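This briefing concerns the model shown below. Please keep the sequence and the coordinates at hand while reading.

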Amino acid sequence: MAEPRTTPRTTPRTIIDKIWDAHIVAEEPDCPAVIYIDLQLVHEVTSPQAFSGLRARGMKVRRPERTVATMDHSTPTLPRGLAVVDPLAEAQLETLRRNCAEFGVRLFELGGEKQGIVHVIGPELGFTQPGMTIVCGDSHTSTHGAFAALAFGIGTSEVEHVLASQCLLQHKPRSCEVVFDGALGPGVSAKDMILALIAEIGTGGGTGHVFEYRGDAVRGLSMEGRMTVCNMSIEAGARAGLIAPDDTTFDYLAGRDYAPKGADWDRAVDRWRTLPTDDGASYDRSITIDVSRLEPMITFGTNPGQGIGISSAVPDPQALGDAGQRESLAKALAYMDLAPGKPLLGHKIDVVFIGSCTNSRIEDLRAAAGVLDGRKVAQGVRALVVPGSADIKRQAEAEGLDRIFTGAGAEWRNAGCSMCIAMNGDQLDPGQYAVSTSNRNFEGRQGKGGRTFLASPLTAAASAVSGAIADVRALKGGI
Amino acid sequence: MEPFRTLESAVIPLVRDDVDTDQIIPARFLKVTEKVGLGKNLFADWRYDNGTPRPEFVLERPEMADRTVLLAGNNFGCGSSREHAPWALADWGIRAIIATSFADIFKNNAMSNGILPVVVGPAVHAELVRAVEADPAATVSIDLEARVLTVPGGDSGHARVEFPVDPFARKCLLAGTDKLGYILGFDDQIEAFEKERADA
């Protein structure tokens, strides 16, 4: 067998090289590498067929201790009662319960103290750690890259591979550094940074690559902000996006339930400090964005790449040279029922959704509450605030944020994916417009016929009180 | 998995860029615990109007029923990792998709289910789209062993185009085998890797 083709240790390596090299189990010529997976996260929607496959082969989960399951996609978020939306969802949840019991997998159950969105609880409980390889049958697994993990979404067949072998076949991805330089202006946040990147390179712009986010603006972000950025890497086509670890990372992880403790913690931090990209290491590609020129971003179309600064006008298909692009844009505007050349500011909305694995963490809720405090959700607008985990919900309530939300007339819900994917009954009606802090504005994503404007929690909250798309910086009384 | 060797079919033209997996199969159809029977929900929101088929949508045209090759645009399959997308395509009868590019996760998932993603350059793609517009019944053929796509057009009536395909994925598709058997062949190395880690 050929020796693994790792980068020679004398050559400066990127953090991507380092994590990749440390996980190669075997590699044969003309074949993808067999790489070891440190952690697999599991949820109810993409796992049943994988467990069935395992059972049909008479196999066990190879490393149940490296497997963590939760319920999030089709779970109810209504504050009272836990009635599941329909028998199909109930059967899927029950299947996960049964599979976890049979195969010895730890499950954070609906109604449990630690339940939540898979990409929220992984970091929150300290399962997600620097230098790890992490997979989940979910494209937003890229979120965990905020902790310097190589983390990406896989299909259900591959979920089965990892359950059975703790390994996955992978070709080494190309690397792309994304440098966010400069300082963010008031009212501009991590969500605006990532929406700006996707608007610049398009939804397929990162295909075949792993992003490493670098630069002063990234260093200045909290872990919550970093997770927001990494979360949407996939919306630019990059399966993974990561950020080198630093004291912000370690401070977040220290003391978490499943993070190393005592001497193990010290050893782990020493190891993690060797992860950052070496000076002189080269990337296959490089993109630089000056964040000081950014304003709050909002999408106008039907993919996350169709985004603009909030004061800009909706682009005109006639101005595009390429016939395919012209047609795509025209189709998107027809679905959204928007006129080209007009700004989105002031466009009436029906719903505001604050939540999802992109923006449902405590900092996101604080940002939204900061805007809603002392204000009211506009008449005729339905606003939902859905925390990412039961833990975040408790923390928000301890801080009194829930009273700000309900006082403003917003709904305060239990943890789950909710209206981001509209599988649990929380959904838009046909034709409704929503400003949403989630990650996808695809046709029908938030409910059949629904129309989504993706934006930050600040923009979402400002729009909720205005009853129309609003610039938080222009809100009367300030941010 | 059914082996994939050669295929000849007229194409189902769905030439749009950035077709995401939420369009291929909307999330409300993901509340299943089996892989079978998803073809009826393929492109559901484009295909049905409150449950009634839209005759103008390409999949609903009677002549498409036996076709096995989808002609897509750029960045096909972007978005979610749901393998329900290729399950639905395969269940409907799609065996190959021609596009100028595919999203990474979708591409993997397609090959795990015996669907061949065929990437062609923009010029070949544009020529194929024109040829199919001129003669909707024109056929393409795919030879995976030779990695050759034969498209209508050109002076001789057809043109042979070589397409890239990962050698390992090609081997799996040709044999109809899944990758887990290959991974499990490294059981000793996996054990050694775990032991080395535990000792470190």
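The structure is a predicted model. Chain A has 15 helices and 19 strands, and 59% of its 479 residues are buried. In the pairing of the two chains, 50 residues of chain A are in contact with 41 residues of chain B.

**Overall form of chain A**

- The radius of gyration of chain A is 22 Å, which agrees with the value near 23 Å that a compact globule of 479 residues would have.
- Along the principal axes, the C-alpha atoms of chain A fill a box of roughly 65 × 50 × 45 Å.
- Of the contacts in chain A between residues at least 6 apart in sequence, 76% join residues that are at least 24 apart.

**Side of chain A that touches chain B**

- The contact between the chains involves 50 residues of chain A and 41 residues of chain B.
- On the chain A side, the elements that give two or more residues are the strands β1 (24-26), β2 (33-36) and β8 (167-170), together with the helices α2 (48-56), α3 (87-103), α5 (156-165) and α11 (323-336).
- Helix α5(A) supplies the largest share of this side, with 6 residues.
- The side of chain A that touches chain B is made up of 19 nonpolar, 23 polar and 8 charged residues.

**Helices α12(A) and α14(A)**

- Helix α12 (residues 362-372) of chain A packs against helix α14 (residues 401-408) of chain A at an angle of about 45 degrees, and their axes are 9 Å apart.
- The two helices α12(A) and α14(A) are therefore oblique to each other.
- The crossing in which α12(A) passes α14(A) is left-handed.
- From α12(A), the residues that make the contact are L365(A), R366(A), A369(A) and L372(A), while α14(A) contributes L401(A), I404(A), F405(A) and A408(A).
- Sorted by class, the contact of α12(A) with α14(A) contains 7 nonpolar residues, no polar residues and 1 charged residue.

**Helices α12(A) and α15(A)**

- Helix α12(A) also packs with helix α15 (residues 457-466) of chain A; their axes come within 8 Å and cross at roughly 30 degrees.
- Since angles under 35 degrees count as roughly parallel, α12(A) and α15(A) are therefore roughly parallel to each other.
- Helix α12(A) passes α15(A) in a right-handed crossing.
- The residues of α12(A) in this contact are D364(A), A367(A), A368(A), V371(A) and L372(A), and those of α15(A) are P457(A), L458(A), A460(A), A461(A), A462(A) and V465(A).
- The contact of α12(A) with α15(A) has 10 nonpolar residues, no polar residues and 1 charged residue.
- Residue L372(A) is listed both in the contact with α14(A) and in the contact with α15(A).

**Helices α6(A) and α8(A)**

- Helix α6 (residues 190-201) of chain A and helix α8 (residues 223-231) of chain A have axes 8 Å apart and pack at an angle of about 20 degrees.
- The helices α6(A) and α8(A) are therefore roughly parallel to each other.
- Helices α6(A) and α8(A) form a right-handed crossing.
- Helix α6(A) makes the contact through A190(A), K191(A), M193(A) and I194(A), and helix α8(A) through G225(A), T228(A) and V229(A).
- By class, the contact of α6(A) with α8(A) comprises 4 nonpolar, 2 polar and 1 charged residues.

Terms used: Residues numbered from 1 in each chain as written. Chains lettered and ligands numbered in written order. Predicted model: local features only at pLDDT ≥ 70, side-chain atom pairs only at ≥ 80, totals over all residues. Contact = placed C-beta atoms within 7 Å. Helix = DSSP H or I, 4+ residues; strand = E, 2+ residues; numbered from the N terminus. Nonpolar A, V, L, I, M, F, W, Y, C, P; charged D, E, K, R; others polar. Axes fitted to C-alpha atoms, helices over the stretch in contact; angles between N-to-C directions. Parallel < 35°, antiparallel > 145°, perpendicular 65-115°, else oblique. Left-handed = near helix turned anticlockwise from the far one by under 90°. Rg over C-alpha atoms; globule rule 2.2 N^0.38 Å. Buried ≥ 20, exposed ≤ 12 C-beta atoms within 10 Å, placed from the backbone.
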